[in-house]
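Visitor: Hi, I'm new to this one. Could you walk me through it?

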Amino acid sequence: MDWRISARWWELLSSITKMIVRKENPGDIEAIRHVNEMAFGGPSEADLVDALRRHGKVTISLVAEEDSQIVGHILFSPVTLEPGINAFAAVGLAPLAVLPQFQNQGIGSLLVVAGLEQCRAAGIDWVVVLGHPSYYPRFGFVPASRFGVKCVYNVSDETFMLLELREGIMKGHSGIVNYQPQFNEV
Ligand SMILES: CC(C)(COP(=O)(O)OP(=O)(O)OC[C@H]1O[C@@H](n2cnc3c(N)ncnc32)[C@H](O)[C@@H]1OP(=O)(O)O)[C@@H](O)C(=O)NCCC(=O)NCCS
């Protein structure tokens, strides 16, 4: 499905469920930690979020809020393509987390669609994600290997995916994607 169509769908859904997606604010920090700890069953991703924030490496961070409770979170941070001229504005989507009791209700999708919209509005050229190969293709992600792009980490081709936010932007560009150093600590 075209993600712009799904954006309209989720907009409608969110208006029915009173779910809002908005940028994080300083008062959300503890709740964001809680969401990541619960979703991933440990502190690693929550620590990563805090470290990225501390180092000023957060491009976009959004929360899903229902009845004043933070139930989901998504973050995007800058990535680079090596070797390359790095004239790109590129980000990695990670982490994405929804509280276990709120999963499978469309909240993760709502966050991804809203996040990609924000990326596009911010002039981001492309987005990578390291994640479930059955989940992210619905938003338009395809294996990054199709562009000759690999992840700096040793991961299988199908789990490392890329979405061009400007069609054709990857033409003639290939290489290895590097995440922020804070990812090495997870
Ligand atoms: C992955 C996650 C963010 C999805 O959020 P969500 O709100 O449950 O997702 P949605 O309701 O939008 O979508 C549900 C779909 O996601 C799929 N899904 C959920 N967890 C999945 C997983 N671990 N692997 C593959 N697909 C998964 C469901 O099967 C469902 O698929 P369907 O629409 O074909 O039936 C959430 O399950 C979560 O926080 N998981 C733990 C943390 C995690 O794994 N984060 C992602 C790292 S890449």
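Guide: Happy to; we'll go from the overall layout to the details.

Guide: This is a predicted model, in which local features need pLDDT of at least 70 and side-chain atom pairs count only at pLDDT 80 or more, while totals for chains, interfaces and linings use all residues. Residues are numbered from 1 along each chain as its sequence is written.

Visitor: How many helices and strands does the chain have?

Guide: The chain has 4 helices and 10 strands. Starting at the N terminus, their order is α-β-α-α-β-β-β-β-α-β-β-β-β-β.

Visitor: And what share of the residues is buried?

Guide: Of the 186 residues, 38% count as buried. A residue is buried if 20 or more other C-beta atoms lie within 10 Å of its own, exposed if 12 or fewer, and partly exposed in between, with C-beta atoms placed from the backbone.

Visitor: What about contacts along the sequence?

Guide: Taking contacts between residues at least 6 apart in sequence, 70% join residues at least 24 apart. Two residues are in contact if their C-beta atoms, placed from the backbone, lie within 7 Å.

Visitor: Let's talk sheets. In what order do the strands of the open sheet come?

Guide: The open sheet has 7 strands in the order E1-E2-E3-E5-E6-E9-E7, and the pairing is mixed. Strands pair if DSSP finds at least two bridges between them. E1 (19-23) and E7 (142-143) stand at the edges with a single partner strand each, so one side of each is left without a neighbour in the sheet.

Visitor: How do E2 and E3 pair?

Guide: Strand E2 (residues 60-66) pairs with E3 in the antiparallel sense, over 7 bridges. For example, Ser 61 has Leu 75 in E3 as its bridge partner. Helix H2 packs on this sheet, touching E2, E3 and E5, and its direction makes about 90° with that of E3. Axes here are lines fitted to C-alpha atoms, for helices over the stretch in contact, and angles run from 0 to 180 degrees between N-to-C directions.

Visitor: Which strands pair with E10?

Guide: E4 (residues 80-82) pairs with E10 (residues 175-178) in the antiparallel sense over 3 bridges, and Leu 81 has Val 177 as its bridge partner there. Strand E8 (residues 149-151) is joined to E10 by 3 bridges too, but these two run parallel.

Visitor: Switching to helices: which residues of H3 are buried?

Guide: In H3 (residues 44-54) they are Glu 45, Ala 46, Leu 48, Val 49 and Leu 52. These residues cover an arc of only 160° around the axis, which puts them on the same side of H3. The arc is that of the directions from the helix axis to the C-beta atoms.

Visitor: Why would spaced-out residues point the same way?

Guide: An α-helix has 3.6 residues a turn, so residues three or four places apart point the same way.

Visitor: What do those buried residues pack against?

Guide: They pack against helix H2 (29-40), strand E3 (69-78) and strand E5 (90-98). H3 lies across E3 and E5, running at about 135° to E5. After H3 comes Gly 56, with a positive phi near 65°.

Visitor: Now the ligand. How many residues surround it?

Guide: There are 17 residues around the ligand, the closest being Gln 103, Gly 108, Ser 109, Gly 131 and His 132.

Visitor: How does the shell divide into nonpolar, polar and charged?

Guide: It has 8 nonpolar, 9 polar and no charged residues. Ala, Val, Leu, Ile, Met, Phe, Trp, Tyr, Cys and Pro count as nonpolar, Asp, Glu, Lys and Arg as charged, and the others, Gly among them, as polar.

Visitor: Where are the cis peptide bonds you can show me?

Guide: One runs from Glu 82 to Pro 83, with omega near -10°, and Pro 83 lies in the loop between E4 and E5. Another joins Ala 94 and Pro 95, with omega about -10°; Pro 95 is in strand E5.

Visitor: And Ser 68, is that buried or exposed?

Guide: Ser 68 counts as exposed because it has 7 C-beta neighbours inside 10 Å. Ser 68 sits in the loop between E2 and E3, and its phi is positive, near 65°.

Terms used
Near = placed C-beta within 6 Å.
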